[in-house]
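Here is a colleague's note for someone opening this structure for the first time. Please read the points alongside the model.

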Amino acid sequence: MIRIAASRLATSLIALLGAALFAFIALRVAPGDAARLVLGPFATDEAVQALRVKMGLDDPLPVQFWHYLTSFVSGDWGWSYSLGQSVRDLLGERFPATLELGLYAFLFALVAAVSLAVIGAFRRGLLSDGVPRALSVFALAVPQFWFGIVALIIGFEMLGLFPGPSGRLPPGVTAPAGPTGLYTIDALLAGDLATFATALHYLALPAITLGLLPFGFLLRLLRANLLDVAGEPFVLVARAQGQSHFRVFLRYVLPNAIIPTLMASGLILGQLLAGSVLVERVFNWPGAGSLVTQGLLQQDYSVVQTFILLSAFIYILANLFVDLLAAAIDPRIARGAGQ
Amino acid sequence: MSIIRSVPVFLPLALLTVLAGAVVVGPLVWPIDPYTMDFAAILAPPGPGHWMGTDSVGRDVLARFLAGGRLSLSVGVIVMLGGLVPGAIIGVIAARAGGIVDMVLMRAMDSIAAFPPILLAMAVAIGLGGGLWTAVIGVIISTLPFFARLMRSEVLRIMSHRFVDAAESMGATPAFILLWHVSPHAASTMLVQCAAVFGYAIITLAGLGFVGLGAEVPTAEWGVMITEGMKYALTGQWWLTVFPGLGILVAVSAANLLADGLSATMGGRHA
Amino acid sequence: MTGLLDIRRLSVAFGPTRALSDIDLALEPGTRLGLVGESGSGKSTLGLAVLGLLPPDAACTGEVRFQGEPLPWSDDRAMTRVRGRRIGFIYQDPMAAFSPVHTIGTHITRALRAAHPGVGRREALDWSVALLEEVEINKPRERLDHYPNEYSGGMLQRVMIAAALVGDPDLLIADEPTTALDVTTQASVLGMLDRIVEARGMGFILISHDLGVVAEACREVAVMYGGKLIQRVALADLKAEAHPYTRALLEARPTFGKRGQRLSTIADFLPSDWFDDA
């Protein structure tokens, strides 16, 4: 177990270094002027030159990479010229909104995918089989930002069932004060059910939109895994011992299918992070993702650069965590022994 | 070929062919220029003169849809080939060289794959100064790990078969074995991957266009059209956003279904 | 007197492929029958058909009576009460017959509580220990917490036998129970099966491609070929009145007398009616 953990840790470290190196090459060494990228098109040449010196852009590349890496790891992520704030403060401010959105998107994806996959695998039939199939094809092929717009056209403009693209709460409702910054949880902690319901109502369309891709992905993966496991001999043997179809499914098929599915959690986290950039813009959601879009449109790239590298780091660490978790859960990896 | 006759392959292939045919032949049948503004017909709803309506400066949405489709599909093909060739070469080199070369190449691929693909493409596009072609390069780079890993494992898998030992014992050179024995096996797997990457390229480039990093504003491109149409989506002019999005949805579903169909027909795992 | 098992005109088809055609087979209580044939002859299908565990795309016709009553195949809930409690089943590959993420104890207690719904958790645990002792697993209480990958094939097969016996069935169907094991383990597992079946006086169907294995544990042999039952004969009379195909099977068996000679193979017995003409 310790040896496995050590080797996983080592590969993750290499991947972290590699990702940082890639970002460094793409954003610093590429033809564009990195100082200009940070300061934007309206900065004076003197300011750009000053920053070049400050960023050490005239140093040898390895030295530059070292500075890039150390300042990133120490949380020195630069300055947004268009918003006049440090990137770290900006991201810190916006992070809870993205976290809350991502959390509900993930919940939606997980619950919807597991229930549909289970229904489809437990009872094979045209409807229980065809509907999940069609939904996963749709979810994997629909551009999320477009789906968000169409959801607004139908749910807000035509039917009036959902709020428009106006952020997390309607104007006039004060955000609940609380430790987490997640409005639904803070509202619950304060016992304010009305605000909780409003926040949830405002979350519904954005969360479904953001969760759509992970939903399709999970559904497809879980379906394939369930079908695979259902054909395993141990399922037949358990049935022959007189355990009912339903119990065998719940006790043997599901756990064996879910473990490999959970191994994809890192990928799902990546989908959520990348998706938030597109989806938050559609719903004017005041999170880190819309900060990135804003930065892109105003050519203020310091936030964008940080968000991109941060996503890679989060992805790698999530994968490391999942690997270690799997090693702890799955006896085949955990004890390694056997015949 | 018999593969083409199987329904899960034929249907999506036919759909893609129809779509490609429509966007290529379309301009001959529908001769309105996608960039000509007609201020007499601003934001006209779909009707006899403009089947998909017109946009805020009176450009014909159907003409722009067709032009955008041409762009999207060709960019899909470019990304597919642009990723396939270097990716496959990296995979073969890693598998054949082994040792430190293999380690370095594969760790490099891991590092690239650590970025959510669209964010990686963003980084590359920003670094190269923006615009459609920098985004295309970014998307191509993001596909390299898929192709390289797959090719590497295919080569390793096939090289471990007995018949390769037999060929070697009869004096076949590594190059001959790769060409004669490995490539036909690897080709089918890579074909599946190509279909999937084609769809992935279309949807990702549309997403980049949506945040201003792909095609730029006047260009008739599906992602850009959705961005432009977004302003009018909630004031009743739904046709500006709905049609280009449907185009993406259809093209990408067809590509994904084709990938599934190919992999099922050629004996892969079912989806 | 009602027999134990009475199979009448049983046919099974998977699409155009006919796996079993018109099988008639009757078993008295306590009968020990070896079901032999090459792979693909339909012998495993016959075992699964009796248990009602064929895959859903199998088309199954005919009737199987068990202790006088027809088996309720169409009613899975009723079949659940037959499986494990009245008919036990042992699968051929012990390594694949256990879920890799559950402990051996979990497997046994689940089988136990399926056969005896009233049994509590503690009682099931003690019972499992006793069962493992019965099939000669050392340190059974400790071993309950281990995962299948920590057991050897022979041990797993003995655990599977124990799990198949918890409901005290009247008929035990063993599908190639020793094929996946090495020769010495084969002998010990087979010996154990033989003793248990003898002691309990239960009916026993041993499915095997190996006449030697069948001769160890059975009194009678039924030979299957191309989905048909072509001969049923007492073991003692096998050599005397064998069907030409059975004789060919016998010839293909390695024995002491044939040392140094080339074993004969079965060449021209390809089933002709493998596919329906339709």
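1. Start with a turn in chain C. β1(C) and β2(C) form a hairpin with two residues between them. In that turn, G15(C) has a positive phi of about 60°. Strands here are DSSP runs of E, at least two residues long, and helices are runs of H or I, at least four residues long, both numbered from the N terminus. F14(C) has T17(C) of β2(C) as its bridge partner.

2. A word on the basis. This is a predicted model, in which local features need pLDDT of at least 70 and side-chain atom pairs count only at pLDDT 80 or more, while totals for chains, interfaces and linings use all residues. Residues are numbered from 1 along each chain as its sequence is written, chains are lettered from A and ligands numbered from 1 in the order in which they are written, and side-chain values use heavy atoms, with hydrogens and water left out.

3. Four strands of chain C make an open sheet in the order β2-β1-β4-β5, with antiparallel pairing. Two strands count as paired if DSSP finds at least two bridges between them. β2 (17–27) and β5 (69–70) of chain C are the edge strands; each has a single partner, so one side of each is left without a neighbour in the sheet. Seven bridges link β1(C), residues 5–14, to β2(C) in the antiparallel sense. V12(C) stands opposite L20(C) in β2(C). α1(C) packs on this sheet and touches β1 and β2 of chain C. Contact means heavy atoms within 4.5 Å. The direction of α1(C) makes about 110° with that of β1(C). For such angles, axes are lines fitted to C-alpha atoms, for helices over the stretch in contact, and values run from 0 to 180 degrees between N-to-C directions.

4. Chain C also has a six-stranded open sheet. Its order is β6-β7-β8-β3-β9-β10, and the pairing is mixed. β6 (87–90) and β10 (228–234) of chain C stand at the edges with a single partner strand each, so one side of each has no neighbour in the sheet. From one strand to the next, the twist averages 15°. Strands β7 (171–175) and β8 (203–208) of chain C run parallel and are joined by five bridges. D175(C) sits opposite I207(C) in β8(C). Helix α6 (153–165) of chain C packs on the sheet, touching β6 and β7 of chain C. Its direction makes about 170° with that of β6(C).

5. Which chains touch? No contact joins chain B and chain C; their closest C-alpha atoms lie 17 Å apart.

6. Consider chain C against chain A. Here 30 residues of chain C are in contact with 23 residues of chain A. The two bury about 2,400 Å² between them, 63% of it on carbon and sulfur atoms. Buried area is the accessible area (1.4 Å probe) that two parts lose on being put together, summed over both. On the chain C side, V101(C), R110(C) and N149(C) lose the most area to chain A, together 24% of what that side buries. R239(A) and D76(C) meet in a salt bridge through their side chains (3.0 Å, N to O). The term needs a side-chain nitrogen of Lys or Arg within 4 Å of a carboxyl oxygen of Asp or Glu.

7. Chain B is built from helices. It has 10 helices and zero strands. Its C-alpha trace spans about 80 × 45 × 30 Å along the principal axes.

8. Now chain B against chain A. Contacts involve 46 residues of chain B and 53 residues of chain A. About 4,100 Å² is buried between the two chains, 78% of it on carbon and sulfur atoms. In chain B, F115(B), I126(B) and L234(B) lose the most area to chain A, together 16% of what that side buries. One salt bridge is found across this interface. It joins the side chains of R220(A) and D260(B) (2.9 Å, N to O). The elements that each supply at least two residues of the chain B side include α4 (99–113) and α10 (239–265) of chain B. α10(B) gives the most, with 11 residues.
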